[in-house]
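Take a look at the sequence and structure, and then we can go through them together.

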Amino acid sequence: MTRTCQSAALWTALTLLCTPMAAQAADAERGATLYEQRCVACHSLDTSRIGPAHRGVVGRKAGGVPGFAYSPALKASDLVWTEDSLDRWLADPQSVIPGQRMNYRVADAVARADIIAFLKRQSP
Amino acid sequence: MSNPLVTTLAPVTLPNIDLGRRTLFRHTGKAMLSAAAVAMIGGVAMPTGSASAAPMQGDIDILNVALGLEHEAIAAYQIGAESGLVKGKALDAAKLFQSHHKGHRDALVSTIEKMGGKPVAPKSQADVAKALNAGSLKTQDDVLRLAAKLELGAANAYLGVIPSFSEGMLKQVAARLAADETMHWTALSGVLGLPLPTGPLSFGA
(Lines give C-alpha, C1' and ligand atoms only; values in the text may rest on other atoms or scores of the structure.)
Protein backbone atom coordinates (compact mmCIF):
# COMPACT_ATOMS: atom_id res chain seq x y z
CA MET A 1 0.00 0.00 0.00
CA THR A 2 1.40 3.38 -0.93
CA ARG A 3 1.90 6.07 1.68
CA THR A 4 -0.91 8.10 0.08
CA CYS A 5 -3.31 5.15 0.32
CA GLN A 6 -2.28 4.49 3.89
CA SER A 7 -2.94 8.12 4.78
CA ALA A 8 -6.32 8.05 3.07
CA ALA A 9 -7.30 4.88 4.87
CA LEU A 10 -6.21 6.30 8.21
CA TRP A 11 -8.11 9.52 7.58
CA THR A 12 -11.25 7.57 6.62
CA ALA A 13 -10.98 5.47 9.76
CA LEU A 14 -10.56 8.55 11.94
CA THR A 15 -13.50 10.24 10.26
CA LEU A 16 -15.71 7.24 10.89
CA LEU A 17 -14.49 7.08 14.46
CA CYS A 18 -15.36 10.71 15.08
CA THR A 19 -18.61 10.86 13.09
CA PRO A 20 -21.05 8.15 14.09
CA MET A 21 -23.96 7.48 11.77
CA ALA A 22 -27.03 9.57 12.43
CA ALA A 23 -29.58 6.91 11.50
CA GLN A 24 -30.63 6.06 15.03
CA ALA A 25 -33.36 7.37 17.29
CA ALA A 26 -32.54 10.47 19.26
CA ASP A 27 -31.82 9.73 22.91
CA ALA A 28 -32.96 12.52 25.23
CA GLU A 29 -31.28 10.88 28.22
CA ARG A 30 -27.92 10.93 26.45
CA GLY A 31 -28.82 14.42 25.33
CA ALA A 32 -29.14 15.48 28.96
CA THR A 33 -25.63 14.22 29.66
CA LEU A 34 -24.28 15.90 26.54
CA TYR A 35 -26.03 19.13 27.53
CA GLU A 36 -24.26 19.00 30.90
CA GLN A 37 -20.92 18.35 29.22
CA ARG A 38 -21.13 20.62 26.19
CA CYS A 39 -23.59 23.42 26.79
CA VAL A 40 -23.50 24.43 30.46
CA ALA A 41 -20.32 26.44 30.15
CA CYS A 42 -22.53 29.15 28.67
CA HIS A 43 -26.15 28.06 29.06
CA SER A 44 -28.63 27.02 31.75
CA LEU A 45 -32.20 25.90 31.33
CA ASP A 46 -33.75 28.65 33.42
CA THR A 47 -31.16 31.42 33.68
CA SER A 48 -29.57 33.48 30.94
CA ARG A 49 -25.82 33.58 31.47
CA ILE A 50 -23.27 33.88 28.68
CA GLY A 51 -25.98 32.51 26.42
CA PRO A 52 -29.76 32.68 26.79
CA ALA A 53 -31.84 30.31 28.92
CA HIS A 54 -32.95 27.19 27.05
CA ARG A 55 -36.19 26.03 28.64
CA GLY A 56 -38.93 26.32 26.04
CA VAL A 57 -36.49 26.88 23.18
CA VAL A 58 -38.18 24.49 20.75
CA GLY A 59 -40.96 26.47 19.13
CA ARG A 60 -39.61 29.82 20.28
CA LYS A 61 -38.60 32.60 17.93
CA ALA A 62 -34.84 33.11 17.70
CA GLY A 63 -33.77 35.98 19.93
CA GLY A 64 -36.88 35.54 22.04
CA VAL A 65 -35.60 35.31 25.62
CA PRO A 66 -36.53 38.59 27.34
CA GLY A 67 -33.63 40.58 28.68
CA PHE A 68 -30.85 38.67 26.96
CA ALA A 69 -28.39 40.80 24.96
CA TYR A 70 -28.58 39.06 21.58
CA SER A 71 -26.46 39.97 18.58
CA PRO A 72 -28.26 42.32 16.19
CA ALA A 73 -28.22 39.54 13.59
CA LEU A 74 -30.00 37.07 15.80
CA LYS A 75 -32.44 39.61 17.13
CA ALA A 76 -33.41 40.58 13.57
CA SER A 77 -33.88 36.99 12.48
CA ASP A 78 -37.33 35.56 11.76
CA LEU A 79 -36.13 32.06 12.50
CA VAL A 80 -38.17 29.84 14.78
CA TRP A 81 -36.35 27.11 16.65
CA THR A 82 -37.50 23.74 15.38
CA GLU A 83 -35.71 20.41 15.46
CA ASP A 84 -34.51 21.10 11.93
CA SER A 85 -33.35 24.67 12.49
CA LEU A 86 -31.67 23.71 15.76
CA ASP A 87 -29.84 20.89 13.98
CA ARG A 88 -28.57 23.27 11.31
CA TRP A 89 -27.72 25.88 13.98
CA LEU A 90 -25.73 23.47 16.12
CA ALA A 91 -23.89 22.16 13.05
CA ASP A 92 -22.79 25.64 11.96
CA PRO A 93 -24.48 28.69 13.52
CA GLN A 94 -22.87 31.16 11.16
CA SER A 95 -24.36 29.46 8.11
CA VAL A 96 -27.84 29.80 9.62
CA ILE A 97 -27.64 33.38 10.91
CA PRO A 98 -24.57 35.24 9.65
CA GLY A 99 -23.32 37.65 12.28
CA GLN A 100 -24.49 35.58 15.24
CA ARG A 101 -22.13 35.29 18.20
CA MET A 102 -22.37 31.68 19.37
CA ASN A 103 -20.09 29.99 16.84
CA TYR A 104 -20.03 26.77 18.86
CA ARG A 105 -20.41 23.74 16.63
CA VAL A 106 -21.49 20.21 17.43
CA ALA A 107 -20.00 18.19 14.60
CA ASP A 108 -21.54 14.86 15.55
CA ALA A 109 -25.04 14.53 14.05
CA VAL A 110 -26.07 11.95 16.64
CA ALA A 111 -24.98 14.23 19.47
CA ARG A 112 -26.94 17.09 17.91
CA ALA A 113 -30.06 14.95 17.65
CA ASP A 114 -29.72 13.80 21.27
CA ILE A 115 -29.20 17.35 22.57
CA ILE A 116 -32.21 18.56 20.57
CA ALA A 117 -34.30 15.68 21.93
CA PHE A 118 -33.35 16.80 25.44
CA LEU A 119 -34.17 20.43 24.66
CA LYS A 120 -37.50 19.38 23.16
CA ARG A 121 -38.31 17.63 26.42
CA GLN A 122 -37.69 20.95 28.20
CA SER A 123 -40.07 22.73 25.83
CA PRO A 124 -43.63 21.71 26.71
CA MET B 1 3.89 20.70 53.67
CA SER B 2 3.48 20.99 49.92
CA ASN B 3 0.18 20.45 48.21
CA PRO B 4 0.54 17.37 46.00
CA LEU B 5 -2.24 18.49 43.71
CA VAL B 6 -0.75 21.91 43.14
CA THR B 7 2.81 20.59 43.02
CA THR B 8 1.81 18.14 40.32
CA LEU B 9 0.41 20.89 38.18
CA ALA B 10 3.17 23.44 38.74
CA PRO B 11 5.08 25.14 37.29
CA VAL B 12 2.39 26.96 35.42
CA THR B 13 3.24 29.22 32.54
CA LEU B 14 0.59 31.75 31.75
CA PRO B 15 0.04 32.74 28.13
CA ASN B 16 2.51 35.19 26.69
CA ILE B 17 0.08 38.00 27.27
CA ASP B 18 1.95 41.17 26.60
CA LEU B 19 4.77 41.51 24.17
CA GLY B 20 4.09 45.21 23.99
CA ARG B 21 2.67 47.32 21.26
CA ARG B 22 5.94 47.13 19.36
CA THR B 23 4.74 43.80 18.01
CA LEU B 24 1.77 45.35 16.31
CA PHE B 25 1.77 46.43 12.74
CA ARG B 26 0.09 49.65 13.78
CA HIS B 27 0.66 51.33 10.45
CA THR B 28 -1.33 48.73 8.57
CA GLY B 29 -4.68 49.32 10.24
CA LYS B 30 -7.09 47.15 12.18
CA ALA B 31 -7.63 44.68 9.39
CA MET B 32 -4.00 43.63 9.73
CA LEU B 33 -3.94 43.29 13.49
CA SER B 34 -5.40 39.83 13.83
CA ALA B 35 -2.21 37.89 13.28
CA ALA B 36 -0.21 40.24 15.49
CA ALA B 37 -2.72 39.76 18.27
CA VAL B 38 -2.34 36.03 17.93
CA ALA B 39 1.36 36.35 18.56
CA MET B 40 0.58 38.08 21.81
CA ILE B 41 -1.95 35.58 23.08
CA GLY B 42 -0.16 32.47 22.00
CA GLY B 43 3.47 33.38 22.00
CA VAL B 44 3.80 31.87 18.56
CA ALA B 45 5.40 33.05 15.34
CA MET B 46 3.34 35.69 13.63
CA PRO B 47 2.01 34.63 10.25
CA THR B 48 1.96 37.04 7.37
CA GLY B 49 -1.12 38.11 5.47
CA SER B 50 -4.25 40.01 6.26
CA ALA B 51 -7.76 39.28 7.38
CA SER B 52 -10.86 40.95 6.03
CA ALA B 53 -13.03 42.87 8.46
CA ALA B 54 -16.01 40.48 8.54
CA PRO B 55 -14.13 37.31 9.49
CA MET B 56 -12.10 39.30 12.01
CA GLN B 57 -15.30 40.58 13.63
CA GLY B 58 -16.41 36.96 13.84
CA ASP B 59 -13.16 36.08 15.60
CA ILE B 60 -13.60 39.01 17.99
CA ASP B 61 -17.13 37.79 18.77
CA ILE B 62 -15.84 34.31 19.58
CA LEU B 63 -13.09 35.73 21.79
CA ASN B 64 -15.64 37.87 23.59
CA VAL B 65 -17.84 34.86 24.33
CA ALA B 66 -14.72 33.14 25.64
CA LEU B 67 -13.99 36.19 27.76
CA GLY B 68 -17.49 36.05 29.23
CA LEU B 69 -16.86 32.44 30.10
CA GLU B 70 -13.55 33.31 31.79
CA HIS B 71 -15.17 36.16 33.72
CA GLU B 72 -17.76 33.73 35.03
CA ALA B 73 -15.14 31.12 35.95
CA ILE B 74 -13.15 33.69 37.94
CA ALA B 75 -16.28 34.75 39.79
CA ALA B 76 -17.32 31.14 40.41
CA TYR B 77 -13.98 30.30 42.02
CA GLN B 78 -14.20 33.49 44.08
CA ILE B 79 -17.68 32.52 45.27
CA GLY B 80 -16.36 29.07 46.17
CA ALA B 81 -13.37 30.49 48.03
CA GLU B 82 -15.49 32.99 49.96
CA SER B 83 -18.10 30.37 50.84
CA GLY B 84 -15.85 28.96 53.55
CA LEU B 85 -16.78 25.49 52.31
CA VAL B 86 -13.52 24.86 50.47
CA LYS B 87 -10.45 24.34 52.59
CA GLY B 88 -6.85 23.14 52.58
CA LYS B 89 -5.44 21.60 49.43
CA ALA B 90 -8.72 21.96 47.56
CA LEU B 91 -8.71 25.69 48.29
CA ASP B 92 -5.10 25.96 47.13
CA ALA B 93 -6.00 24.22 43.90
CA ALA B 94 -9.06 26.43 43.41
CA LYS B 95 -6.88 29.52 43.81
CA LEU B 96 -4.39 28.15 41.30
CA PHE B 97 -7.11 27.41 38.77
CA GLN B 98 -8.64 30.85 39.29
CA SER B 99 -5.21 32.36 38.57
CA HIS B 100 -5.16 30.46 35.28
CA HIS B 101 -8.56 31.89 34.39
CA LYS B 102 -7.31 35.38 35.24
CA GLY B 103 -4.42 34.76 32.87
CA HIS B 104 -6.85 33.65 30.17
CA ARG B 105 -8.95 36.76 30.83
CA ASP B 106 -6.00 39.11 30.55
CA ALA B 107 -4.80 37.48 27.36
CA LEU B 108 -8.26 37.61 25.80
CA VAL B 109 -8.82 41.26 26.78
CA SER B 110 -5.47 42.23 25.33
CA THR B 111 -6.12 40.39 22.10
CA ILE B 112 -9.67 41.68 21.64
CA GLU B 113 -8.51 45.25 22.17
CA LYS B 114 -5.61 44.91 19.78
CA MET B 115 -7.95 43.46 17.15
CA GLY B 116 -10.06 46.61 17.51
CA GLY B 117 -12.85 45.06 19.57
CA LYS B 118 -14.41 45.99 22.89
CA PRO B 119 -13.99 43.36 25.60
CA VAL B 120 -17.18 42.37 27.42
CA ALA B 121 -17.34 43.45 31.05
CA PRO B 122 -17.74 40.95 33.86
CA LYS B 123 -21.10 40.52 35.55
CA SER B 124 -21.30 41.25 39.24
CA GLN B 125 -20.39 38.42 41.58
CA ALA B 126 -23.94 38.56 42.94
CA ASP B 127 -25.38 38.04 39.46
CA VAL B 128 -23.04 35.13 38.82
CA ALA B 129 -23.92 33.60 42.19
CA LYS B 130 -27.60 33.84 41.35
CA ALA B 131 -27.14 32.45 37.83
CA LEU B 132 -25.15 29.49 39.16
CA ASN B 133 -27.56 28.93 42.05
CA ALA B 134 -24.67 29.27 44.48
CA GLY B 135 -27.10 29.30 47.40
CA SER B 136 -27.56 25.58 46.91
CA LEU B 137 -23.89 24.85 47.61
CA LYS B 138 -23.65 23.26 51.05
CA THR B 139 -20.42 21.28 51.04
CA GLN B 140 -16.93 21.38 49.59
CA ASP B 141 -17.89 18.63 47.15
CA ASP B 142 -20.84 20.72 45.97
CA VAL B 143 -18.47 23.57 45.13
CA LEU B 144 -15.94 21.30 43.44
CA ARG B 145 -18.68 19.56 41.43
CA LEU B 146 -19.88 22.93 40.15
CA ALA B 147 -16.31 23.88 39.29
CA ALA B 148 -15.77 20.56 37.51
CA LYS B 149 -19.00 21.02 35.53
CA LEU B 150 -17.99 24.50 34.43
CA GLU B 151 -14.44 23.41 33.56
CA LEU B 152 -15.69 20.49 31.46
CA GLY B 153 -18.14 22.78 29.72
CA ALA B 154 -15.40 25.30 29.08
CA ALA B 155 -13.07 22.69 27.63
CA ASN B 156 -15.80 21.56 25.27
CA ALA B 157 -16.76 25.14 24.45
CA TYR B 158 -13.23 25.98 23.35
CA LEU B 159 -13.01 22.82 21.28
CA GLY B 160 -16.41 23.53 19.74
CA VAL B 161 -15.52 26.99 18.46
CA ILE B 162 -12.21 25.97 16.86
CA PRO B 163 -13.75 25.36 13.41
CA SER B 164 -15.39 28.79 13.48
CA PHE B 165 -12.23 30.88 13.81
CA SER B 166 -11.07 32.43 10.55
CA GLU B 167 -7.58 33.06 11.90
CA GLY B 168 -5.69 29.79 12.00
CA MET B 169 -3.48 30.67 14.93
CA LEU B 170 -6.53 31.46 17.06
CA LYS B 171 -7.57 27.84 16.57
CA GLN B 172 -4.35 26.80 18.25
CA VAL B 173 -4.92 29.28 21.06
CA ALA B 174 -8.42 27.85 21.61
CA ALA B 175 -6.92 24.37 21.79
CA ARG B 176 -4.41 25.56 24.39
CA LEU B 177 -7.18 27.13 26.45
CA ALA B 178 -9.16 23.89 26.19
CA ALA B 179 -6.13 21.99 27.43
CA ASP B 180 -5.97 24.20 30.53
CA GLU B 181 -9.66 23.66 31.25
CA THR B 182 -9.27 19.92 30.73
CA MET B 183 -6.38 19.90 33.20
CA HIS B 184 -8.61 21.64 35.76
CA TRP B 185 -11.49 19.22 35.15
CA THR B 186 -9.20 16.20 35.44
CA ALA B 187 -7.71 17.40 38.72
CA LEU B 188 -11.12 18.24 40.18
CA SER B 189 -12.50 14.89 39.07
CA GLY B 190 -9.62 13.20 40.85
CA VAL B 191 -10.33 15.04 44.08
CA LEU B 192 -14.04 14.19 43.79
CA GLY B 193 -13.34 10.57 42.94
CA LEU B 194 -15.25 10.85 39.67
CA PRO B 195 -14.48 8.29 36.96
CA LEU B 196 -12.52 9.32 33.93
CA PRO B 197 -14.11 8.75 30.51
CA THR B 198 -13.91 5.11 29.52
CA GLY B 199 -13.74 5.78 25.79
CA PRO B 200 -11.43 7.85 23.62
CA LEU B 201 -12.34 11.18 21.99
CA SER B 202 -14.83 12.02 24.72
CA PHE B 203 -14.26 15.76 24.40
CA GLY B 204 -15.55 18.19 21.87
CA ALA B 205 -17.39 16.04 19.32
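## Chain B at a glance

Chain B holds seven helices and zero strands. Read from the N terminus on, its elements run α-α-α-α-α-α-α. Please keep in mind as you read that this is a predicted model.

How much of chain B is buried? Of its 205 residues, 46% are buried. Among the contacts in chain B with a separation of 6 or more, 76% come from residues 24 or more positions apart.

## Where chain B meets chain A

The size of an interface is often given as the accessible area lost when the parts come together. Between chain B and chain A, the buried area is about 1900 Å², and carbon and sulfur atoms give 57% of it. The contact draws 25 residues from chain B and 23 residues from chain A.

Polar contacts join the two chains as well: eight residue pairs are found across the interface of chain B and chain A, both residues of each pair being at pLDDT 80 or more. On the side of chain B that touches chain A, the elements giving two or more residues are α3 (53–82) and α6 (140–161) of chain B. Helix α6(B) supplies the largest share of that side, nine residues. By type, the residues of chain B on this side divide into 13 nonpolar, eight polar and four charged.

## A salt bridge between the chains

Side chains of opposite charge can pair when their charged atoms come close. Two salt bridges are counted between chain B and chain A. One of them is the pair Lys149(B) and Glu36(A), whose closest N and O atoms are 3.8 Å apart. Lys149(B) sits in helix α6 of chain B and Glu36(A) in helix α2 of chain A, so this pair joins two chains.

## Salt bridges within the chains

Over all chains, the structure holds twelve salt bridges. In chain A, Asp114(A) pairs with Arg30(A), with the closest N and O atoms 2.6 Å apart.

Another salt bridge in chain A brings together the side chains of Arg55(A) and Asp46(A), at 2.5 Å from N to O. Here Arg55(A) counts as partly exposed at 37% relative accessibility, while Asp46(A) counts as exposed at 54%. Over in chain B, salt bridges that share partners join Asp141(B), Asp142(B) and Arg145(B) into one network.

## The buried face of helix α4 in chain A

Which residues of helix α4 (residues 83–91) of chain A are buried? They are Ser85(A), Leu86(A), Trp89(A) and Leu90(A). Seen down the axis of α4(A), these buried residues fall within an arc of 130 degrees, so they line one face of the helix.

The spacing is worth a thought. An α-helix has 3.6 residues a turn, so residues three or four places apart point the same way. As for what lies against that face, the buried residues of α4(A) pack against α3 (72–76), α5 (93–96) and α6 (109–121) of chain A.

## Arg112(A), a buried arginine

Helix α6 of chain A is the place of Arg112(A). Why does Arg112(A) count as buried? Its relative accessibility is 10%, and buried means under 20%.

What does Arg112(A) touch? Leaving aside neighbours within four places in sequence, Arg112(A) is in contact with Asp87(A), Leu90(A), Ala91(A), Val106(A) and Ala107(A). One of these, Val106(A), has its backbone oxygen 2.9 Å from a polar atom of the Arg112(A) side chain. Another, Leu90(A), is among the buried residues of helix α4 of chain A.

Definitions and conventions: Residues are numbered from 1 along each chain as its sequence is written. Chains are lettered from A and ligands numbered from 1 in the order in which they are written. This is a predicted model: local features need pLDDT of at least 70, side-chain atom pairs count only at pLDDT 80 or more; totals for chains, interfaces and linings use all residues. Side-chain values use heavy atoms; hydrogens and water are left out. Buried means under 20% relative accessible area, exposed over 50%, partly exposed in between (1.4 Å probe, protein chains only). Helices (H or I, at least four residues) and strands (E, at least two) are DSSP runs, numbered from the N terminus. The arc is that of the directions from the helix axis to the C-beta atoms. Contact means heavy atoms within 4.5 Å. Buried area is the accessible area (1.4 Å probe) that two parts lose on being put together, summed over both. A salt bridge is a side-chain nitrogen of Lys or Arg within 4 Å of a carboxyl oxygen of Asp or Glu. A polar contact is a pair of N or O atoms within 3.5 Å; within protein, one must be able to donate a hydrogen and the other to accept it, and residues adjacent in sequence count only if both atoms are side-chain atoms. Ala, Val, Leu, Ile, Met, Phe, Trp, Tyr, Cys and Pro count as nonpolar, Asp, Glu, Lys and Arg as charged, and the others, Gly among them, as polar.
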